[in-house]
Amino acid sequence: MKKLYTPGRIGDLEIKNRMVMAPMVDGFGTEGAPTERSLEYFRVRAAGGIGLIVVGNVHVDPEHRHLKPEFHLYDDSFTEKLRPLAQVIHSQGAKVFVQLIHQGRYARSSEYEGGAEAVAPSAVFTGMTRETPRALTEEEICRLEDYFAQAAKRAMEAGFDGVELCANSGYLFGQFLSPLTNKREDQYGGTLKNRAAFLTETICRVKEATDGSFPVTVRMGGNDFVAGSNTNEEACRIAGLLEEAGADAISVTGGWHESRVPQVTMDLPHGVFSYLGRNIRQSVDIPVMMGNRMDIFAAEELIERGDVDFAVFGRPMLADPQFPQKAAQGRYEEIRPCIGCNQGCLDHSMSGREIACLGNAECGRESELADERGLLPTEVREKTPRKLLVIGAGAAGMEFARVAALRGHTVTVWEKENTYGGQLRLASAPPARQDFKRLSDYLYKACVRAGVTFCFDRQASSGELTRQLEEKEADRLILATGAYPVSPAIPAERGMNMVQAWDVLSGQARTGKEIVVVGGGAVGIETAILLGEEGTLTAEELRFLMLYGAEEPDTLRELLNKGSKRVTVVEMQDKAGKDIGKTTRWIMLDRLKKLGIKVLTGSVVTEIKADGVIIQKDGENIKLSADTVVMAAGSRSDNHLLEQLKEKEGQVFVIGDARAPKKVMDAIRSAYDLGISIG
């Protein structure tokens with residue numbers, strides 16, 4: 001058996017395997033305590049085979065009480081309120097820690113009860129909140145250490161197995177550690193040891209307040225990835241200080257929220273920051289946990305090599321709570337992948353919303369969907385199975401087929417193309433977006449395992465579908481025909497090569513050297529990046545040139561960003577990429593900038609000439625030279641079959657983009673909901 005699935009130890013605590021669920025904000029709690037929704041959400045994940053769950057963002061400071069629906073331990077009353085959470089996780093065989101946190105300068109005054117002023121080691125402005133926090137006094141620092149210690153004692157009394165101190169991502173402990181945000185001249189500032197004093201003293205206080213065998217771990221960044229702040233070299237030294245103070249383990253992740261190095265998006269190769277954990281592991285004798293965009297294959301290799309002792313998974317536990325069990329049994333193809341899109345998790349939590357998951361429509365809804373036995377709809381077969389015909393093998397069509405087949409229905413899918421995936425294939429075409437294909441492959445294979453029959457190259461007509469219903473070949477029709485791209489009514493001369501962005505993404509359209517992309521939404525930006533990347537260095541080429549010192553680093557960086565095409569994006573709104581999630585948008589806009597792609601916002605294409613495009617911007621007509629125009633102006637539902645099948649109302653259902661063009665998460669959600677309710 002691979003080492004990842006064998007028991008591990010943190011202090012005196014034995015954990016059944018080396019898989020840890022990372023702390024995450026879910027938004028399901030109420031007034032600092034778990035709800036039934038919280039309990040079922042964690043129960044399902046504990047039941048999936050994970051060894052240790054770290055419950056995230058538990059607040060300790062009664063003077064800075066957070067308004068968001070997270071958990072609290074700043075008062076004795078929360079001991080009993082959080083006890084059911086420890087019990088429900090233990091009931092499924094997993095261990096559980098609570099992560100104790102103070103946001104420091106990352107908190108907005110509007111997020112605290114009474115509008116309390118944010119505090120930090122020093123009064124240093126942050127662009128995260130557009131506020132300048134108040135510097136803590138030494139007396140307040142000592143008081144905070146006691147708050148953490150008392151919260152840890154309450155966690156122990158509530159039945160939790162340990163605590164984790166949050167020093168990662170630029171929160172309060174991390175702010176003390178960094179010379180960028182710690183400008184103090186007292187015992188808590190200056191040298192690295194002094195900057196770490198707040199954290200090391202807190203570890204000692206926690207140890208004193210709890211049982212000597214009660215594990216205390218620290219989650220920290222392996223590199224802040226902010227210029228002038230701590231690098232991995234300093235992180236290794238910090239880890240040594242934490243070990244000396246009594247920490248039982250170190251959990252390593254990436255950099256600060258303010259970093260300009262992407263930390264959690266689809267752009268990251270799986271396990272790319274593993275070297276941070278490996279270096280820290282070589283600097284201490286206590287166990288080291290490593291997470292941050294980690295898939296199961298990267299985790300297995302990391303643990304097998306002995307680079308770290310535990311692998312930490314956050315979003316993969318949202319996408320598939322059972323993935324630890326599936327992986328341990330070698331059922332890799334059955335794992336629903338986390339694609340790093342952040343649409344339902346980070347984008348939601350950063351805007352104060354409850355989390356969800358693009359690929360898993362059950363995430364966060366477990367208590368709503370489960371029956372009295374705790375079984376989810378996909379675990380229960382329909383009493384009256386039907387014969388269902390699905391038109392379209394895109395995200396919505398396959399998700400519906402998967403769910404309906406698991407419910408016991410007989411499901412057939414007709415797809416006019418010769419393969420599956422629909423718009424998921426297009427979404428996976430741009431650089432660093434390949435994980436959309438992983439989701440597409442998962443859905444198809446899950447359908448096949450569930451017994452779904454696929455008929456490719458099968459064009460549906462209203463007459464044939466009517467016959468299917470009338471002759472009882474099908475009891476219900478599900479139209480998942482998606483959408484089609486639209487072209488705005490722009491006067492155009494002959495001679496210009498005009499193509500659709502969808503055709504560019506699918507590789508069916510040829511483009512020239514000078515390209516104007518009409519539309520700066522997600523599709524337009526992704527298409528522009530795909531075109532702009534043509535001719536840049538590949539990863540294999542870069543590796544060769546770097547290994548042999550063929551070019552200077554600055555030259556290689558230029559070649560990574562210099563393609564063979566000149567691309568301009570024209571967007572009529574005041575900002576480009578408004579339909580892209582918050583955590584991803586800045587990265588895609590940054591990539592446009594690095595590639596030298598011009599983005600003209602507040603601009604309208606008024607005419608297309610044989611040799612260029614006329615746009616109107618700020619009341620002025622401007623001509624853009626071009627040999628290719630790419631249309632990325634939106635899409636429209638392909639629901640012509642519905643119009644032709646009106647007389648079959650009650651037997652015909654529409655899901656996904658065929659109902660209304662939205663995001664993939666919306667398509668999968670609508671498909672799942674119909675799949676569990678159709679009968």
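The structure holds four cavities of 30 Å³ or more. It is a predicted model, and every value below was computed from it. The largest cavity has a volume of about 120 Å³. Its lining comprises 16 residues, of which Cys338, Ile339, Cys341, Cys357 and Leu358 lie closest to the centre. Helix α10, residues 315-319, gives the most to this lining, with three residues. By class, the lining of the largest cavity consists of 11 nonpolar, four polar and one charged residues.

The lining of the second largest cavity divides into six nonpolar, eight polar and one charged residues.

## Nonpolar cores

The largest nonpolar core has 98 residues, and Ile89, Leu100, Val218, Met220 and Ile250 have the most contacts inside it. Helix α3, spanning residues 138-157, provides the largest share of this core, namely eight residues. Apart from this core lies another, of 37 residues, which includes Met266, Phe436, Cys447 and Ile478.

Tyr420 is placed in the loop between β15 (410-415) and α15 (423-427). Its relative accessibility is 16%, and Tyr420 therefore counts as buried, the limit being under 20%. Beyond its neighbours within four places in sequence, Tyr420 is in contact with Ala393, Met398, Arg425, Ser440, Asp441, Tyr444 and Phe456. With one of these residues, Asp441, the side chain of Tyr420 forms a polar contact of 2.7 Å.

## Lys565 and Glu571

Lys565 lies in the loop between α21 (553-560) and β21, whereas Glu571 lies in the loop between β21 (566-570) and α22 (582-594). Lys565 has a relative accessible area of 15% and so is buried; Glu571, at 7% relative accessibility, also counts as buried.

The side chain of Lys565 is directed to backbone oxygens. It reaches that of Thr511 at 3.2 Å, and a polar atom of the Lys565 side chain lies 2.8 Å from the backbone oxygen of Gly512. Residues up to four places away in sequence are not counted in the list of residues that Lys565 touches: Thr511, Gly512, Lys513, Ile515, Leu531 and Glu534.

The side chain of Glu571 instead reaches a backbone nitrogen, that of Gln573, at 2.9 Å. Leaving aside neighbours within four places in sequence, Glu571 is in contact with Gly519, Gly520, Gly521, Ala576, Leu600, Thr601, Gly602 and Ser603. Glu571 and Val517 are 54 residues apart in sequence, while their C-alpha atoms are 8.7 Å apart in space.

## Asparagines with positive phi

Asn57 has a phi near 55°, a positive value in a residue other than glycine. Asn57 belongs to strand β4, residues 52-59. With a relative accessible area of 10%, Asn57 is buried.

Asn292 likewise is not a glycine, yet has a positive phi of about 120°. Its place is in the loop between β12 (288-291) and α9 (296-305). Asn292 counts as buried because its relative accessibility is 11%, and buried means under 20%.

Methods:
Residues numbered from 1 in each chain as written. Predicted model: local features only at pLDDT ≥ 70, side-chain atom pairs only at ≥ 80, totals over all residues. Heavy atoms only, no water. Helix = DSSP H or I, 4+ residues; strand = E, 2+ residues; numbered from the N terminus. Buried < 20%, exposed > 50% of the residue type's maximum accessible area, 1.4 Å probe, protein only. Contact = heavy atoms within 4.5 Å. Polar contact = N/O pair within 3.5 Å; in protein donor to acceptor, adjacent residues only side chain to side chain. 1 Å grid on protein atoms, 1.4 Å probe; cavity = no way out; pocket = protein on both sides within 12 Å on 5 of 7 lines; lining within 4 Å. Points joined across faces, edges and corners; volume = space filled by probe spheres on them. Nonpolar A, V, L, I, M, F, W, Y, C, P; charged D, E, K, R; others polar. Core = buried A, V, L, I, M, F, W, Y, C linked by side-chain atoms within 4.5 Å.
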